[in-house]
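Work through the following exercises with the sequence and the coordinates at hand. Each task is followed by a solution in steps.

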Amino acid sequence: MELTELIVKSAVILVVFGLTLLIAMYSTWAERKVAAFIQDRSGPNRAGWGGMFQPLADAGKMFFKEDFIPAKANKWLFIIGPGIAMITALMTSAVIPFGNTFIWDGKAIPMLGVETNIGVLYVFGIVALGVYGIMIGGWASNNKFSLLGAIRAASQNISYEVAMGLSIIAILMMSGTLSLPEIVKQQHGGNWNIFYQPLGFIIFLVCAFAETNRTPFDLPECETELVGGYHTEYGSMKLGFYLFAEYINIFVSSAFMATLYFGGYNYPGMDWVYTQLTTALGPTAGHNIASLIGTAVLFIKALMFIFFFMWVRWTLPRFRYDQLMDLGWTKLIPLALFNILITGAGILLLKPWLTALLD
Amino acid sequence: MQLTNRAKQVSNKTMTFSESLYLPAIAKGLAITLKHFFKKKVTIQYPEVKRYLGPVFRGRHVLKRDEQGRERCTACGLCAVACPAEAISMVAEERKKGEEHLYREEKYAAVYEINMLRCIFCGLCEEACPKQAIYLRHDQFVPVFQERDQVIWGKEMLVEDMNNRYEREAWTKEEAHQIDRLKAEGKITSVPTRAIP
């Protein structure tokens with residue numbers, strides 16, 4: 001890897017990292033605002049304009065609280081738990097293409113952290129690792145409620161990962177690749193996967209809620225039954241890390257959904273904008289600005305998904321645990337399998353007919 | 001017995017497949033919350049905006065003086081007896097010669113203390129007072145405490161300031177009832193406030 005490429009790559013990684021943290025930080029503010037608005041209140045509005053400094057105040061409070069470790073807890077695992085949750089949450093965004101290529105020094109460098117041809121698998125692997133953070137933290141607390149919360153989280157994540165993987169398979173059948181940039185490129189020109197995979201998208205969305213432990217699937221931290229679930233014994237910034245990891249997960253899964261189903265950085269009329277910009281500003285600057293607009297579009301899509309996550313949280317009550325398992329195993333998995341069948345039939349029968357019709 | 005027409009027959013039928021996916025019900029719920037998202041907020045931004053409390057609100061206490069500025073309280077202790085929270089305590093003193101312009105009766109409260117953490121603002125002291133000396137103001141709160149020594153209010157906090165007197169439309173129950181009746185009959189629309197019971 002050459003030096004310029006390395007510099008641009010690290011810049012991209014740092015910007016993505018910073019933006020992820022910033023968005024996760026302001027997600028806490030947005031969550032409280034959305035909750036308040038839905039409940040006819042006005043939410044935090046004292047710290048700065050519209051409560052804009054509220055996340056800073058919250059973080060400051062978290063930092064200055066006593067860093068407490070229970071006497072009978074496994075000290076190292078207790079500390080490692082939130083760390084793993086945070087690391088896995090941050091690692092996922094590495095393979096998401098946040099934009100088209102960026103031309104620097106005559107070289108086109110893709111705007112994503114790691115170029116790999118197995119992006120989808122990577123995301124799944126890291127998301128599956130994420131449950132270790134919760135599991136270890138809950139076990140190390142040496143508390144029945146924490147352990148129950150951790151067990152719930154583990155079984156819930158495993159159950160919904162099956163349906164999630166099956167819903168993705170339909171996408172993979174259509175695109176024929178595991179590479180995320182390739183999947184995004186195939187959605188160019190309004191060919192968004194949502195139009196071909198509405199059922200798959202709904203299954204994926206439900207599973208994303210379950211994977212990020214959000215309402216209506218937030219049973220791991222179910223206050224009414226388990227005090228605080230896996231983070232009952234946590235306080236200070238260790239608790240902050242768990243909560244923060246949840247918001248990062250929300251952002252990443254939002255970006256992932258936008259990438260897989262809503263065309264990633266593609267938007268209607270982007271070719272026209274591209275030609276306008278390149279003729280006006282020259283091939284390099286125009287291309288770069290067009291790429292940045294695409295990035296902004298992807299972020300807008302992701303933010304809309306984050307809003308949807310919050311909207312759902314303040315609408316739906318929590319599922320009962322048997323309902324959760326019932327929905328996962330007896331409804332979503334058969335539906336996902338059915339979706340694969342339909343997609344296969346469509347590719348085999350409908351596509352040749354349609355292409356013949358169009359030719 | 002049927003009281004309203006809102007009663008619904010309970011149905012325990014098993015859900016159909018589409019119902020058990022919950023999606024239509026979820027969409028309905030989301031529509032409701034989105035409607036509330038854009039509704040006018042009911043919050044009153046408290047320190048900047050204060051809501052109207054009404055003439056019968058029971059706020060902070062005041063020990064009234066009469067028209068000549070003499071304290072009305074005679075330290076009979078009925079308010080302390082009436083107080084369910086035992087928030088009131090006092091020390092009585094006999095009026096000396098030359099203090100007639102300060103105290104209305106021959107006995108007065110040298111010390112009069114209300115513990116504002118104990119007080120439940122029930123207004124029974126006001127009801128019990130035979131001299132119409134203690135009232136709960138309808139227009140002022142007890143402010144938030146910053147220190148522990150701000151909790152017990154002595155006479156310097158309670159006795160009325162003659163330059164900034166507490167004014168009310170009615171000072172007794174009978175008076176208030178009469179005003180209400182006249183207002184209901186349409187004979188008067190407003191009553192001038194006055195400071196003297």
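A residue is called buried under 20% relative accessible area, exposed over 50% and partly exposed in between, with a 1.4 Å probe and protein chains only. The model is predicted: local features need pLDDT of at least 70 and side-chain atom pairs pLDDT 80 or more, while totals for chains, interfaces and linings use all residues. Residues are numbered from 1 along each chain as its sequence is written, chains are lettered from A and ligands numbered from 1 in the order in which they are written, and side-chain values use heavy atoms, without hydrogens and water.

**Exercise 1.** Classify the aromatic pair A:Phe251 and A:Phe299, and state whether each residue is buried or exposed.

Solution. Rings of Phe, Tyr and Trp (its six-membered ring) pair if their centres lie within 6.5 Å; planes under 30 degrees apart are stacked, over 60 edge-to-face, and the rest tilted. By this rule there are 28 aromatic pairs over all chains.

Step 1: start with another of these pairs, A:Tyr230 and A:Tyr242, which is edge-to-face, at 5.1 Å centre to centre and 70° between the planes. A:Tyr230 lies in the loop between α9 (223-226) and α10 (236-261) of chain A, and A:Tyr242 in helix α10, twelve residues apart. A:Tyr230 is buried because its relative accessible area is 3%; A:Tyr242, at 3%, is buried as well.

Step 2: A:Phe251 and A:Phe299 are stacked, with 5.8 Å between centres and 10° between planes. A:Phe251 belongs to helix α10 of chain A and A:Phe299 to helix α12 (residues 283-313) of chain A, so the pair ties together parts 48 residues apart in sequence. Helices here are DSSP runs of H or I with at least four residues, strands are runs of E with at least two, and both are numbered from the N terminus.

Step 3: A:Phe251 is buried at 1% relative accessible area, and A:Phe299 is buried at 13%.

**Exercise 2.** Which residues does A:Asn266 touch, leaving out those up to four places away in sequence?

Solution. Step 1: A:Asn266 sits in the loop between α10 and α11 (270-281) of chain A. With a relative accessible area of 2%, A:Asn266 is buried.

Step 1: contact means heavy atoms within 4.5 Å. The residues touched by A:Asn266 are A:Val184, A:Gln187, A:His188, A:Trp192, A:Val297 and A:Lys301.

**Exercise 3.** In what order do the three strands of the open sheet in chain B lie?

Solution. Step 1: two strands pair if DSSP finds at least two bridges between them. Step 2: the order is β2-β3-β5 in chain B, with antiparallel pairing. The edge strands are β2 (88-94) and β5 (152-153) of chain B, each pairing on one side only. Step 3: strand β3 (residues 107-115) of chain B is joined to β5(B) by two bridges; B:Asn115 has B:Ile152 in β5(B) as its bridge partner.
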